[in-house]
There are 2 protein chains.
Amino acid sequence: MIAVLAGGVGAARFLQGVVQVVPQKELTVIANTGDDRDFYGLRVCPDIDIVIYTLGGVVDEKYGWGIRNDTHNTMQQLTHYGNEDWFLLGDKDLATHIHRTNLLRQGKTLSEVTDNLRARFGLELRILPMSDQPIETHIKTPAGLLHFEEYMVKRQSVDEVQDVVFVGAKEAKPAPDVLDTLKAADVILIAPSNPIVSIGSILAVPGIHDVLHEASGMVVAVSPIVGGAPIKGPADKLMRGLGLDVSAVDVARCYRDFLDVMVIDEQDAHLAGEIEDLGIPTVVTNTIMRDSATKAELARTVLQAAGRQV
Amino acid sequence: MIAVLAGGVGAARFLQGVVQVVPQKELTVIANTGDDRDFYGLRVCPDIDIVIYTLGGVVDEKYGWGIRNDTHNTMQQLTHYGNEDWFLLGDKDLATHIHRTNLLRQGKTLSEVTDNLRARFGLELRILPMSDQPIETHIKTPAGLLHFEEYMVKRQSVDEVQDVVFVGAKEAKPAPDVLDTLKAADVILIAPSNPIVSIGSILAVPGIHDVLHEASGMVVAVSPIVGGAPIKGPADKLMRGLGLDVSAVDVARCYRDFLDVMVIDEQDAHLAGEIEDLGIPTVVTNTIMRDSATKAELARTVLQAAGRQV
């Protein structure tokens, strides 16, 4: 069994490769929910939806999120009613949030709702939210504490990052099966996601870091930083804000407590020695996922690095 | 000041005439909320929305409800998630229900939310829900007790009507200002709406019937039954189910406790004597609202019957 810690777009594209080389039934995705937020009273879970839409084949490939060819009539009318319009939600996408909110209000857990949506898209892998309790990633900036989506989408990541706070994390529990899945997994993959706000939030859920530390399975991470910059998103600003270098080396440092193998891009081959000096064996390969074939190739390399025959 | 008891499509079209002949600021609409229901966890108030959309100039004239040229992408996706699809909600229309539900959950009353929406459509009349507490009109049938929308829309009014029950009415209160408005009004109009489920539900709210009975203003009703049939909707089936004749005479009987003048259509001129035998003066006029001019003409006749110069 393979577990994958996942954020949004980078993780979803990486998973498109993984599902080409191993059966979905062997996969469990543990998804970041720190980006979750209510819009118009509807619960939006960006990373869970990105994974489901991408693997379900409906994602808007241009952006990596949302549903392809969606319209925006509901949101246009909501804006007419004086509501905020900075987080774009398409009409079909809104159906997901309406459906989820309705089930949550009926007393279902986020795990149950996520599984319901997964099934509707015909997916056979398991997708677990990191927690069924709300945890919200906030960025401490000179302008105050901002919800991550406000920091990134509304304010376009312009604020200086002073700290990152996972509000609610201490009181939260891992969702059912998260710890058991990590304990039982032969392979634990850390997708090329933001180490601070996508993976860091998962690691902030009580119990998860310790279980990874003690896990018997091989833990392999793919660096989302290539050539000193993130492929997508504000990982550079967040890493710098926390005093880290924007490099695959410092991504490895984030995970050093439990990491068995680090996978970095060919562009960063010169950093391999520095990572190995941390005691972490490093694999150098092409990590730029341009198309279906390069995604599969990356997945194959990563799984082989974890000792799995594919 | 003029108060209008209103149901859905017939009332909205009647109000399109009234606003042509009196300033909106003199008007208060008291709207039926017995048809309200949650769909997908969103609060839908069909009659309030019909009045707002119609007077706001955005209604889909073909149906008399919903927003013109709306799309249905959200609902299509909701159906894909296994939800019911028998109550058609357009994408822009859904924005209304999302906005309302969000404000209600924030603790606003239905009166406040309705006023918020009214203002967004630039309307200057007052629109009061009959009550801020939920009251649901249910139809007793051989198939069981059905919410009115289920009876009418889902099951197309095919079930035998055995009784009508206003669930929650006894425990409900009129919305703020409803009773004071009726007490202070010079003229109280009863729109050509279903006497059982549109006006009957308003009359079922504790206090409203008694205030109408004691009202100093003139109470004038327009019959929704013309030539032995309703212009729209299942009023015939409901009246018959409750042992009434489907005629303007029995509409007048529903209101006889407080009615000062009954307005009936020219096609029913032969019934005037029968209504006057009930002690209710009757005005015969064209009540078929084909266009803007006939709507204004009807409003003028009705207001004159109430003793108002227009």
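Guide: Let us begin with a definition: a residue is buried under 20% relative accessible area, exposed over 50%, and partly exposed in between, with a 1.4 Å probe and protein chains only. The model is predicted, so local features need pLDDT of at least 70 and side-chain atom pairs count only at pLDDT 80 or more, while totals for chains, interfaces and linings use all residues. Residues are numbered from 1 along each chain as its sequence is written, chains are lettered from A and ligands numbered from 1 in the order in which they are written, and side-chain values use heavy atoms, with hydrogens and water left out.

Visitor: Why is B:Asp177 called partly exposed?

Guide: The relative accessibility of B:Asp177 is 39%.

Visitor: What makes A:Asp177 partly exposed?

Guide: A:Asp177 has a relative accessible area of 40%, and so is partly exposed. In chain A, too, the residue sits in the loop between strand E8 (163–167) and helix H7 (178–184), and A:Asp177 has a positive phi of about 80° although it is not a glycine.

Visitor: How do you know that helix H2 of chain B is largely enclosed by the rest of the structure?

Guide: In H2 (residues 46–55) of chain B, 10 of the 10 residues are buried, so the helix is largely enclosed. One of them is B:Leu55, whose relative accessible area of 15% makes it buried. Setting aside residues up to four places away in sequence, B:Leu55 touches B:Ala12, B:Leu15, B:Gln16, B:Val19, B:Leu123 and B:Leu125, where contact means heavy atoms within 4.5 Å. After the helix comes B:Gly57, with a positive phi near 80°.

Visitor: What makes chain A as compact as a globular protein of its length?

Guide: Chain A has 13 helices and 14 strands. Its radius of gyration is 18 Å, close to the 19 Å that the globule rule gives for 310 residues, so chain A is as compact as a globular protein of that length. The radius is taken over C-alpha atoms, and the rule is 2.2 Å times the number of residues to the power 0.38. Of the 310 residues, 59% count as buried. Along its principal axes, the C-alpha trace spans about 55 × 45 × 40 Å.

Visitor: Why is the pair A:Glu26 and A:Arg308 called a salt bridge?

Guide: A salt bridge is a side-chain nitrogen of Lys or Arg within 4 Å of a carboxyl oxygen of Asp or Glu. The closest N and O atoms of A:Glu26 and A:Arg308 are 2.5 Å apart, and the pair forms a salt bridge. A:Glu26 lies in the loop between helix H1 (9–21) and strand E2 (27–31), and A:Arg308 in the segment after helix H13 (292–305), so the pair ties together parts that are 282 residues apart in sequence.

Visitor: What makes A:Glu150 and A:Arg37 a salt bridge?

Guide: Their closest N and O atoms are 3.8 Å apart, and the limit is 4 Å; the pair forms a salt bridge. A:Glu150 is in helix H6 (residues 148–154) and A:Arg37 in strand E3 (residues 37–39), so parts 113 residues apart in sequence are tied together. A:Arg37 counts as buried because its relative accessibility is 15%.

Visitor: What do A:Glu297 and A:Arg300 form?

Guide: Their side chains meet in a salt bridge at 3.0 Å, N to O. Both residues lie in helix H13 of chain A, 3 residues apart, about one turn of the helix. A:Glu297, at 41% relative accessibility, counts as partly exposed, as does A:Arg300 at 29%.

Visitor: How many disulfides does a search of the whole structure find?

Guide: The search finds 0 disulfides over all chains, a disulfide being a pair of cysteine sulfur atoms within 2.5 Å.

Note on methods. Helices (H or I, at least four residues) and strands (E, at least two) are DSSP runs, numbered from the N terminus.
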